[in-house]
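User: I would like to go through this structure step by step. Please keep the answers plain.

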Amino acid sequence: MIKAIIFDVDGTLADTEDAHRKSFNKAFVENGLDWNWDVALYDKLLKVTGGKERIKYFVESFRQGFTKPADYDGFVKNLHAVKTGHYTAMLRDGLIPLRPGIKQLITEAHRAGITLAIATTTTPENVSALLEVGLGKDWEKYFSANGCGDIVPNKKPAPDIYDWVLRELKLSPADCIALEDSYNGLHSALAAGIKTFVTINPYTSKQDFTGAAAVFDDLGDLPRFYRAAGLPLPG
Ligand code: XBP
Ligand code: MG
C-alpha cells in the first residue's frame, strides 16, 4: 500500500519552465547582460538543474569569453535572486496554473490520509508562490515535507533531495511513489529507489523515460493514474 506521494514541482505541478526562462532573460537585461535564452537554447540548458548552476553552465558552454567578476559566485547568486523576484511576481499574478488533475490529486490523496511531500530543485520562494496561488494560503497543510533548493549538496539527477524527503518522512522508498516530468527528475527518484511516474511537458516530451513506471501526457484522467499507481482513490 502506497503511504506517500512525492511531487516534483517544475514541469510537474505546473508548466513553469517558460516562465523561468522569461524571468532569467529579464534579470539579464536588468544587469546589462546581452544574454538571451530563447526556447531552443533553454531546452539545452535544462540539462542542468538549478538556476544558479544553469547560469554557470551557460557561461562555461556558451560564453567562454565572458569576463567573470572577482566575486563570481556572488554575481551569479545576485543574478539568480533578481530572476526569482521576476518569477515569483509572475506566479503571484496567477499566470501559471496547476497542471490538469494536480489539485484534485493533492486534495483527494490528503483526505485519504496519504502522506504528501515535495522534492524539487527550485527555491522555497518559488514553491510558496506557486502553491499559495494554486492551493491557497494554507497550502503547507497538505505536505509533510518540503524538500527544495539548496538544502542538499547535489541537485537532480543526484538522489539527494529524494533521500532528504524520505528521511524527513521516516519512510522507505518502497512506501512511496514519485511524480516527475524530466529525465533528470526521473533518475533522481529512481536513484533513491522510488517507483516513479512521469507526466511530460513541451520541454521534456522527447526525453528518455526508460525506468518510469508509466508515462502520461498529464493527470487529466486521474482514475487511470490511480489504477496505474495502485492508489485506492475515487478520482
Ligand atoms: C526544475 C529546475 C529548476 C528550475 C528553475 O526544478 O531545475 O532549476 O528550472 O528554478 P524541478 P530555479 O526539480 O522542480 O523540476 O531557478 O529556482 O532553480
Ligand atoms: Mg521538474
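User: How many helices and strands does the chain have?
Analyst: This is a predicted model, in which local features need pLDDT of at least 70 and side-chain atom pairs count only at pLDDT 80 or more, while totals for chains, interfaces and linings use all residues. Residues are numbered from 1 along each chain as its sequence is written, chains are lettered from A and ligands numbered from 1 in the order in which they are written, and side-chain values use heavy atoms, with hydrogens and water left out. Helices (H or I, at least four residues) and strands (E, at least two) are DSSP runs, numbered from the N terminus. The count for the chain is nine helices and six strands.

User: What is the radius of gyration of the chain?
Analyst: The radius of gyration is taken over C-alpha atoms, and the globule rule is 2.2 Å times the number of residues to the power 0.38. For 235 residues, a compact globule would come out near 18 Å; the value for the chain agrees, at 18 Å.

User: Which residues are the protein donors of the magnesium ion (ligand 2)?
Analyst: Donors are N, O and S atoms within 2.8 Å of the metal (3.2 Å for Na, K and Ca); water is not among the atoms, so sites may look incomplete. In sequence the donor residues follow the spacing D-x1-D-x170-D. Lying 2.1 to 2.3 Å from the ion, they are Asp 8 (OD), Asp 10 (O) and Asp 181 (OD).

User: Is Asp 181 buried or exposed?
Analyst: Buried means under 20% relative accessible area, exposed over 50%, and partly exposed in between (1.4 Å probe, protein chains only). Asp 181 has 5% relative accessibility, so Asp 181 counts as buried.

User: Where is Ile 2, and how many Å separate its C-alpha atom from that of Asp 175?
Analyst: Ile 2 is in the segment before β1. Its relative accessibility is 13%, so Ile 2 counts as buried. Ile 2 and Asp 175 are 173 residues apart along the chain, and their C-alpha atoms are separated by 5.2 Å.

User: Which helix gives the most to the lining of the largest pocket?
Analyst: On a 1 Å grid over the protein atoms alone, a pocket is an open set of points where a 1.4 Å probe fits, with protein on both sides within 12 Å along at least five of seven lines; lining residues have an atom within 4 Å of a point. Among the 40 lining residues, those closest to the centre include Glu 17 and Arg 54. α1, α2 (39-45), α3 (51-62), α4 (72-92) and α8 each supply at least two residues. With four residues, the helix that gives the most is α3.
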